[in-house]
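Here is a short briefing to read alongside the structure. Please keep the view open as you go through the points.

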Amino acid sequence: MTMNIKAQIIISIIIIWGIVYIINMVRKKALELRYSLTWLGVGICILILTLFPQIMNKISAIMGIASPMNMLFFLGFCFSLTIIFSLTISASKMSIQIKDLTQEIALYKKEQNEKVDEIEKK
């Protein structure tokens, strides 16, 4: 199963545009570098697989997957799980940070209220 050259060109242009867009977002500080690296890596991998479709054929044959399209869906599924897991870790860390900051602010406010009460008593 080979890919049409027109499809290769269209997909390549879209992937290159996506990579440039991600780099531009990192440059403008709209996206953190650590989150963009995964997307850039995937974009480059898809670009390579688009330009050299025989690689996907060989990988699917080695893994015993009947069709390169099935291999592509499998890789997409694995990528999705990786992204979901990394975002879950980030959300968990942020939740802990928010809780810690909330507690710190509460202690700070309590300390400030105690100082105000002391000043008012004098």
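In this predicted model, helix 3 and helix 4 pack at an angle of about 85°, with their axes 9 Å apart. Angles of 65 to 115 degrees count as roughly perpendicular, so helix 3 and helix 4 are roughly perpendicular to each other.

**Helix 3 against helix 4**
- On the helix 3 side, the contact is made by Met-56, Asn-57, Ile-59, Ser-60 and Met-63, which meet Pro-68, Met-71, Leu-72, Phe-74 and Leu-75 in helix 4.

**Helix 2 against helix 3**
- The axes of helix 2 (residues 33-51) and helix 3 (residues 53-63) come within 4 Å and cross at roughly 100°.
- Helix 2 and helix 3 are therefore roughly perpendicular to each other.
- Ile-48, Leu-49, Thr-50 and Leu-51 in helix 2 touch Pro-53, Ile-55 and Met-56 in helix 3.
- The contact of helix 2 with helix 3 has six nonpolar residues, one polar and no charged.

**A nonpolar patch on the surface**
- Which residues form the nonpolar patch on the surface? They are Ile-44, Ile-48, Leu-51, Phe-52, Ile-55, Ile-59, Ile-62, Met-63, Phe-74 and Leu-75, and together they have about 880 Å² of accessible area.
- Helix 2, helix 3 and helix 4 (68-121) are the elements that each give two or more residues to the patch.
- Helix 3 supplies the largest share of the patch, with four residues.
- Ile-55, one of the patch residues, sits in helix 3 and also takes part in the contact with helix 2.

Conventions: Residues are numbered from 1 along each chain as its sequence is written. This is a predicted model: local features need pLDDT of at least 70, side-chain atom pairs count only at pLDDT 80 or more; totals for chains, interfaces and linings use all residues. Side-chain values use heavy atoms; hydrogens and water are left out. Axes are lines fitted to C-alpha atoms, for helices over the stretch in contact, and angles run from 0 to 180 degrees between N-to-C directions. Angles under 35 degrees count as roughly parallel, over 145 as roughly antiparallel, 65 to 115 as roughly perpendicular and the rest as oblique. Contact means heavy atoms within 4.5 Å. Ala, Val, Leu, Ile, Met, Phe, Trp, Tyr, Cys and Pro count as nonpolar, Asp, Glu, Lys and Arg as charged, and the others, Gly among them, as polar. Patches are made of residues with over 30% relative accessible area and no salt bridge: like charges are joined within 9 Å, nonpolar side chains (Val, Leu, Ile, Met, Phe, Trp, Tyr) within 5 Å. Accessible areas come from the Shrake-Rupley method with a 1.4 Å probe; for residues, only the protein chains shown count as cover. A salt bridge is a side-chain nitrogen of Lys or Arg within 4 Å of a carboxyl oxygen of Asp or Glu.
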